[in-house]
Amino acid sequence: MSLVAKQLSTENVAINFGPSHPATHGTLHIHMELDGEIVTKASPEIGYLHSGFEKLGEHLDYNQYITITDRMNYLSPMCNNVAYALAAEKLLDIEVPKRAQYIRVIMCELSRIADHMCSMGMQAVDIGAFTVFLYNWRMREKIYDLFEMVCGSRLTTSYTRVGGLMRDVPEDFVAATRRVLDDIPTALEQIDGLLSHNRIWLDRTRHIGVISQDQAISYGLTGPIARATGISYDLRVKEPYSSYEDFDFDVIVGANGDVYDRFNVRLYEMWESLKIVRQALDKLPDGPINIDADSKYILPPRDEIFNSIEALIHHFEITMENRGFTPVVGEAYVPTESPNGELGYYIVSDGNRTPYRVRTRTPSLINFSVFHEIMPGQSVSDTVAVLGSLNIIAGELDR
Amino acid sequence: MIDMFELLAIIIKVLVVFAGTLVGIMIMTLAERRVAGFIQYRLGPNRVGFGGMLQPIADGLKFFSKEDVIPGQANRPLFLLAPLAVMIPALMTFAVIPFGAPMEIAGRVVKLQVADINIGLLYILALTSIGVYGLVLAGWSAGSKYPQLGGLRSSAQLISYELAMGLAIIGVIMISGGLTLNQIIAYQQETGWNIWKQPIAAFIFLITIYAETNRLPFDLTEAEQELVGGYHTEYSAFKFAMFFLSEYANMITAAAFMVCLFFGGWDVPFIDEAALGGWGVLLSVASFLGKTAFFLFLYILVRWTLPRFRYDQLMRLGWKFLLPLALLNVFLTGLVLAVKG
């Protein structure tokens with residue numbers, strides 16, 4: 001060792017990235033060790049946003065819990081609603097009508113676009129391109145307007161019910177959706193124009209936060225993050241649910257598994273989602289959106305409740321405390337492709353009106369587990385790029 | 001014996017430049033947000049005063065009324081000194097920049113410039129570099145880790161762009177043969193703007209002034225998403241505002257400097273300002289302000305368009321691209337001058 005090196009002894013600096021930090025977009029704590037600007041260790045600490053979502057599942061009945069699912073991934077609540085409803089329906093062994101399935105697909109894909117818009121925008125903001133974020137946000141607002149149109153609320157949608165939907169879409173929904181679908185490509189082209197050939201952007205994202213295929217498989221990563229590594233794994237194709245097999249779309253796959261690929265997989269997935277929504281709108285069948293009310297899983301139509309004693313009793317039986325439908329003893333799990341990856345609710349029933357256990361397989365938690373492994377060697381600036389590209393939703397992280 | 005006329009002229013010029021810079025800063029803080037709003041399909045501040053015109057004053061009042069927090073672990077004297085070390089050079093730099101054609105009052109020629117010192121260029125370079133000490137001090141004295149990283153980055157940034165910047169200016173000095181801005185402008189009046197003769201230098205200089213003023217894509221020292229504001233994380237109230245103001249003051253100076261070096265300063269092409277008398281002076285000031293405003297607009301446009309560099313990438317850009325290019329430019333300029341004799 002030279003004399004200079006001996007005298008200039010250096011030591012690593014421990015730094016707290018969060019829990020309150022502009023780039024964590026929520027409350028997330030990363031204990032980092034820095035050698036200059038280079039991260040040598042990054043260990044995340046989660047739990048700041050723990051809300052007992054899973055425990056609440058044991059106290060709320062099947063329909064009540066749908067309101068809780070909104071809050072898990074607050075960027076795409078519709079997907080959570082659908083995922084939970086699917087699991088509960090599998091437990092009860094019912095199949096919702098085709099129209100409801102198609103509307104669910106439309107909602108899921110619109111959510112996917114909104115979620116990707118948001119996560120890509122956040123990522124761009126973290127790398128310094130603020131304008132991309134607002135271009136995306138503008139489109140996301142339009143999608144949220146559609147949500148407001150169908151269920152009266154923008155974020156806490158709670159749109160699905162076990163056995164169908166809260167209500168049918170309004171008459172002008174199809175036309176309004178088509179208008180939004182025609183608008184969205186402008187935002188996608190704007191993102192493309194601002195970033196895709198931008199040398200600074202390429203330098204900041206290519207070969208940053210690389211996840212290998214082996215890592216993706218061994219950590220159980222799913223969604224755009226796994227697809228960016230080159231794994232063609234999409235539950236909409238592998239295990240179609242809610243009539244996804246009726247639609248024609250491509251699975252977008254990356255090659256390198258770096259931040260750049262994750263960003264582009266999301267970007268091109270939005271084009272595919274647009275395709276799916278268009279097809280679903282074209283093929284949207286007429287008919288009921290709920291299963292037959294006589295099955296006693298679904299509330300009877302409102303005017304019947306006010307006008308017939310049978311319907312009133314039926315309504316009472318479903319909604320009152322200590323009443324409601326009771327599935328058989330058993331368990332059910334339906335994996336769905338949420339914007340961030342595999343999302344599924346594992347419901348165990350002991351035959352009561354509330355589940356015995358509701359376990360959520362949230363993509364963010366699993367996807368985030370690889371973080372400590374890819375961070376060493378990256379710089380502080382890359383940390384925010386990687387965090388943005390993993391799209392960590394704190395609400396999903398700490399259920 | 002001090003000439004009373006000269007003294008009065010200098011006092012008036014100092015006041016005009018000082019007030020002008022401050023008004024410019026106010027306009028810039030508003031323009032930044034309105035232009036950002038325009039780019040991003042939104043309105044920007046439009047409530048305070050006449051269509052948002054008084055927003056900068058409201059902001060200033062807010063900064064004054066905020067609680068001024070000094071962290072316990074901070075080195076107090078340096079912590080207090082740092083904003084001054086940034087602000088004072090930022091406001092002083094404009095002094096050597098001529099902002100209009102010489103004016104004739106009562107038979108005497110008054111230069112529209114606070115101080116015509118014979119090393120004007122070096123003065124600007126020196127003062128802008130002193131500002132960086134303020135940033136490093138701010139980062140270090142706060143005794144907190146994020147600001148410290150910001151301070152480190154600003155010193156790394158300094159050594160990566162300053163050389164290229166200085167070498168770019170050398171090309172201009174070589175062809176115009178003078179270190180004062182007046183000489184450079186006079187040269188451009190005679191033979192056309194330097195942008196045509198020194199395009200490479202202009203290109204390098206344009207890039208480096210973004211780094212000089214810590215603006216996107218080179219705002220690594222602040223980087224609010226990474227370093228939570230960098231060197232000024234721990235600053236609050238008016239001390240924070242001083243950093244903020246000096247950033248805009250630096251931008252105005254850098255834009256004016258750019259105009260003087262490469263775009264003829266106050267020169268209006270194809271027009272002889274001296275022949276027009278008072279109107280010529282007015283025209284020249286308007287031309288100077290117009291050109292400066294264009295570069296300030298460019299600043300804002302770039303900020304809301306580009307992502308941010310990483311700091312090793314900025315160093316790579318500075319050392320491996322801009323510096324060789326600047327050296328090449330100096331060489332080519334020398335070659336052309338030697339051939340021409």
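Trainee: Is B:Q183 buried, exposed or partly exposed?
Mentor: B:Q183 counts as partly exposed because its relative accessibility is 37%, where buried means under 20% relative accessible area, exposed means over 50% and partly exposed is in between, with a 1.4 Å probe and protein chains only. This is a predicted model, in which local features need pLDDT of at least 70, side-chain atom pairs count only at pLDDT 80 or more, and totals for chains, interfaces and linings use all residues. Residues are numbered from 1 along each chain as its sequence is written, chains are lettered from A in the order in which they are written, and side-chain values use heavy atoms, with hydrogens and water left out.

Trainee: Which helix is B:Q183 in?
Mentor: B:Q183 is part of helix α6 of chain B, residues 181-191, where helices (H or I, at least four residues) and strands (E, at least two) are DSSP runs numbered from the N terminus.

Trainee: And what does the side chain of B:Q183 make a polar contact with?
Mentor: The partner is the side chain of B:T180, at 3.1 Å; a polar contact is a pair of N or O atoms within 3.5 Å, and within protein one must be able to donate a hydrogen and the other to accept it, while residues adjacent in sequence count only if both atoms are side-chain atoms.

Trainee: What else does B:Q183 touch, not counting residues up to four places away in sequence?
Mentor: With those left out, B:Q183 touches B:G177 and B:G178, contact being heavy atoms within 4.5 Å.

Trainee: Switching to the two chains, how many residues of chain A are in contact with chain B?
Mentor: On the chain A side there are 37 residues, and they are in contact with 25 residues of chain B. Those of chain A divide into 20 nonpolar, 10 polar and 7 charged, with Ala, Val, Leu, Ile, Met, Phe, Trp, Tyr, Cys and Pro counted as nonpolar, Asp, Glu, Lys and Arg as charged, and the others, Gly among them, as polar.

Trainee: How many salt bridges are there between chain A and chain B?
Mentor: The count is 3, a salt bridge being a side-chain nitrogen of Lys or Arg within 4 Å of a carboxyl oxygen of Asp or Glu. A:D382 forms a salt bridge with B:R310, and their closest N and O atoms are 3.0 Å apart.

Trainee: Where does A:D382 lie, and is A:D382 buried or exposed?
Mentor: A:D382 lies in helix α17 of chain A, and A:D382 counts as buried because its relative accessibility is 2%.
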